[in-house]
Amino acid sequence: MSRFDKDHSGWLTFNKCGAKMNTSRGLFFKSWSSDVQLDGKTAIVTGANTGIGKETAKDLAKRGARVILACRDMVKAEQAACDILREVENAIVVTCKLDLADTKSICDFAQLIYNTEKSLNLLINNAGVAICPYSTTADGFEMQFGVNHLGHFFLTFLLMDLLKHSAPSKVINVSSLAHSMGKINFEDLNSEKSYHPVKAYVQSKLANVLFTRELAAKVEEIGVSVYAVNPGVVKTDLVRHMKKALQFFVKTFGLLIKTPAEGAYTTLYCALTPGLPSGAYYSDCAVALCSRAANDNNTASRLWAASCHLLGIRWR
């Protein structure tokens, strides 16, 4: 754990192009801002070394929060912390090792948090893997289901006492519009019988929304609010496992793709806006419709029980 030249006419042309691009982007993406300050608050952001997570952490640091960057790659985490400290005056940023593909690492991380932090106001479950070749976690779970859902499920379970102690507090689960294509395959949650990278990914993103729904119902009386968010189509490192055609689309049609900072808007909206309905799904800084499968209470309850069984925990 550590703390942490062109001529005038050329610029005129560049500025005109930039203005046109910004105007065009405004037609697609809703801008959002808030003057809420977070002095004295503590936030954990998983996967904060790059992309949406890094932008989320930077924004929270600007508002005065103590931000814990929970990352698997500590070299990248330290670099992200240095970047934030360079850009944000008086930022309070801490890096901690967290490998969501290993329950022992999750336990070690949670123990460290209880030993070093007096409160936890925001838990932002942002980290994820997408459409990767088949592999398993240290505990034998299919990687996408294991990291995107089970890892964050277990982390939230372990930190719930601190979140309860710090109430009002919030848990934010970063899902995706892709959840609408998902189905929870209870007969083969870990894709042991057959594996398709897209099906495994959309199942994990649906699981994020169902987890949010079930958790919100269980913790509403203890002052913990829970939100699922869709960041939109964002240019991040997650595209590295996508087919060449999709990578080409992301790189070519940048106007239609959000920047990581824009992708963080809805997460920050839920983190900073008081009184939002808990258990809901948010997109473009507003409550949004989710799929029929994501609204199924029976599926949410069954997934909760299956997740507890796989992890060997009791969480009622």
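Helix 6, with 23 residues, should span 33 Å at 1.5 Å a residue, and its end C-alpha atoms lie 33 Å apart, which agrees with that expectation. This helix belongs to a predicted model, and 17 of its 23 residues are buried, so that helix 6 is mostly covered. The points below turn to the nonpolar cores, to two further helices and to the salt bridges.

**Nonpolar cores**

- The largest nonpolar core holds 54 residues, and those with the most contacts inside it are I44, F109, L159 and W315.
- Two or more residues of this core come from each of strand 3 (66-71), strand 4 (92-97), helix 4 (103-116), helix 5 (143-165), helix 6 (197-219), strand 7 (224-230) and helix 10 (297-311), and the largest share, 11 residues, is given by helix 5.
- When neighbours within four places in sequence are left aside, L159 is in contact with I44, F109, A110, I113, Y114, L120 and L123.
- Another core, of 37 residues, lies apart from the largest one and includes A43, I84, A91 and A271.
- In soluble globular proteins, nonpolar side chains tend to be buried together.

- T56 sits in helix 2 (residues 51-62) and counts as buried because its relative accessibility is 1%, where buried means under 20%.
- Residues up to four places away in sequence not being counted, T56 touches V45, I124, A264, T267 and L268.
- Two of these contacts, T267 and L268, are among the buried residues of helix 9, together with T266, Y269, C270, A271 and L272.
- Helix 9 (residues 265-272) has 7 of its 8 residues buried, so it is largely enclosed by the rest of the structure.

**Salt bridges**

- The whole structure contains 10 salt bridges, and one of them joins D83 to K54, with the closest N and O atoms 2.7 Å apart.
- Because D83 lies in helix 3 (residues 74-87) and K54 in helix 2, this pair ties together parts that are 29 residues apart in sequence.
- D83 counts as buried at 11% relative accessibility, whereas K54 is partly exposed, with a relative accessible area of 21%.
- D59 and R63 meet through their side chains in a salt bridge of 2.5 Å, N to O, and both residues are buried.
- R302 forms a salt bridge with E187, the closest N and O atoms being 3.9 Å apart; the pair links distant parts of the chain, with R302 in helix 10 and E187 in the loop between strand 6 (169-174) and helix 6, 115 residues apart.
- R302 is partly exposed, with a relative accessible area of 46%, while E187 counts as exposed at 59% relative accessibility.

How values were computed
Residues numbered from 1 in each chain as written. Predicted model: local features only at pLDDT ≥ 70, side-chain atom pairs only at ≥ 80, totals over all residues. Heavy atoms only, no water. Core = buried A, V, L, I, M, F, W, Y, C linked by side-chain atoms within 4.5 Å. Buried < 20%, exposed > 50% of the residue type's maximum accessible area, 1.4 Å probe, protein only. Helix = DSSP H or I, 4+ residues; strand = E, 2+ residues; numbered from the N terminus. Contact = heavy atoms within 4.5 Å. Expected span 1.5 Å × (residues − 1). Salt bridge = Lys/Arg side-chain N within 4 Å of Asp/Glu carboxyl O.
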